[in-house]
Amino acid sequence: MRENGVTRAVFITLWLALVPAKLLVAARLPLFVDEAFYWQEGHHLAWAYSDLPGLTAWTIRLGGELFGDGVLAVRSLFLLVSFALPWLVVSLARREGDAGAAWLAGCGALVLPLFAMLGVMALPDVLLAAATLLALDALTRMLRGASHANAAQLAVALAIGALSHYRFAAVIGVVTILAFAGLISIINAIF
């Protein structure tokens with residue numbers, strides 16, 4: 001039990017150290033070329049643009065509407081999502097394993113270089129990571145029992161991913177294969 005408390009304290013300490021570090025970097029780093037392009041697209045809202053669906057531009061626009069003009073406003077909602085992702089990793093791992101493993105998984109997520117700096121720039125990767133984790137969470141819940149809430153969460157996750165970037169098609173393919181395999185196992189169980 002004490003080990004779980006230590007691991008939880010390490011996770012919270014890492015998370016609390018990472019939040020201001022990310023805020024500082026996000027506030028001081030000039031807009032990346034792609035971010036500036038998505039920011040410009042956000043001024044002309046559409047369902048999709050030449051290189052990606054609209055959710056990234058919409059999220060940047062919403063951040064600007066909520067928090068004003070500036071680099072941090074452009075990145076604000078991406079930062080907020082990125083702050084929540086390690087907690088989603090912990091939640092998912094806690095449900096699938098024990099508390100100690102869950103906090104350790106959260107610590108692992110926090111120290112992964114690409115995951116740790118996710119959200120510092122307003123790029124589709126933040127929303128893709130969120131959609132993938134939400135889809136994984138919904139699918140693992142559905143393995144225990146299908147429900148409307150789990151199906152709705154999966155649908156929302158797939159919609160977020162599909163509206164974030166075309167690369168999410170790979171995740172949709174995996175979900176389709178898993179759903180097809182689940183359907184086959186249900187048919188085999190019936191007959």
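The following questions and answers concern a predicted model of a protein with nine helices and zero strands.

Reader: In which helix is confidence lowest, and at what mean?

Author: The model is predicted, and the mean pLDDT of the protein is 89, with 94% of its residues reaching 70 or more. Where pLDDT is low, the coordinates should not be read in detail. Confidence is highest in helix H4 (residues 71-96), at a mean of 96, and lowest in helix H9 (residues 169-190), at a mean of 73.

Reader: Are H7 and H8 roughly parallel or roughly antiparallel?
Author: The axes of helix H7 (residues 124-144) and helix H8 (residues 148-164) come within 8 Å and cross at roughly 160 degrees. Because angles over 145 degrees count as roughly antiparallel, the arrangement of H7 relative to H8 is roughly antiparallel.

Reader: How many nonpolar residues does the contact of H7 with H8 have?
Author: On the H7 side the contact includes Leu127, Leu128, Ala131 and Leu134, and these residues, among others of H7, meet a set in H8 that includes Ala151, Leu154, Ala157 and Ile160. Divided by class, the residues of this contact comprise two charged, four polar and, as the value asked for, 13 nonpolar.

Reader: How are H4 and H7 oriented to each other, roughly parallel or roughly antiparallel?
Author: The axes of H4 and H7 come within 10 Å and cross at roughly 20 degrees, and the crossing is left-handed. Since angles under 35 degrees count as roughly parallel, the orientation of H4 and H7 to each other is roughly parallel.

Reader: How many charged residues does the contact of H4 with H7 have?
Author: H4 contributes residues including Phe78, Leu85, Arg95 and Glu96, while H7 contributes residues including Leu133, Asp137, Arg141 and Arg144. By class, the contact of H4 with H7 has 13 nonpolar and two polar residues, and the charged residues number five.

Reader: Is Thr56 buried or exposed?
Author: Thr56 lies in helix H3 (residues 55-67), and, leaving aside neighbours within four places in sequence, Thr56 is in contact with Tyr38, Phe78, Ala122, Leu123, Pro124, Leu127, Leu163 and Ser164. The relative accessibility of Thr56 is 0%, and because the cut-off for this class is under 20%, Thr56 counts as buried.

Reader: Among contacts between residues at least 6 apart in sequence, what share joins residues at least 24 apart?
Author: The C-alpha trace of the protein spans about 60 × 45 × 25 Å along its principal axes, and buried residues make up 38% of the 191 residues. Among contacts between residues at least 6 apart in sequence, the share that joins residues at least 24 apart is 65%.

Terms used. Residues are numbered from 1 along each chain as its sequence is written. This is a predicted model: local features need pLDDT of at least 70, side-chain atom pairs count only at pLDDT 80 or more; totals for chains, interfaces and linings use all residues. Side-chain values use heavy atoms; hydrogens and water are left out. Axes are lines fitted to C-alpha atoms, for helices over the stretch in contact, and angles run from 0 to 180 degrees between N-to-C directions. Helices (H or I, at least four residues) and strands (E, at least two) are DSSP runs, numbered from the N terminus. Angles under 35 degrees count as roughly parallel, over 145 as roughly antiparallel, 65 to 115 as roughly perpendicular and the rest as oblique. Contact means heavy atoms within 4.5 Å. Ala, Val, Leu, Ile, Met, Phe, Trp, Tyr, Cys and Pro count as nonpolar, Asp, Glu, Lys and Arg as charged, and the others, Gly among them, as polar. pLDDT is the predictor's confidence in each residue, from 0 to 100. A crossing is left-handed if the near helix is turned anticlockwise from the far one by less than a right angle, and right-handed if clockwise. Buried means under 20% relative accessible area, exposed over 50%, partly exposed in between (1.4 Å probe, protein chains only).
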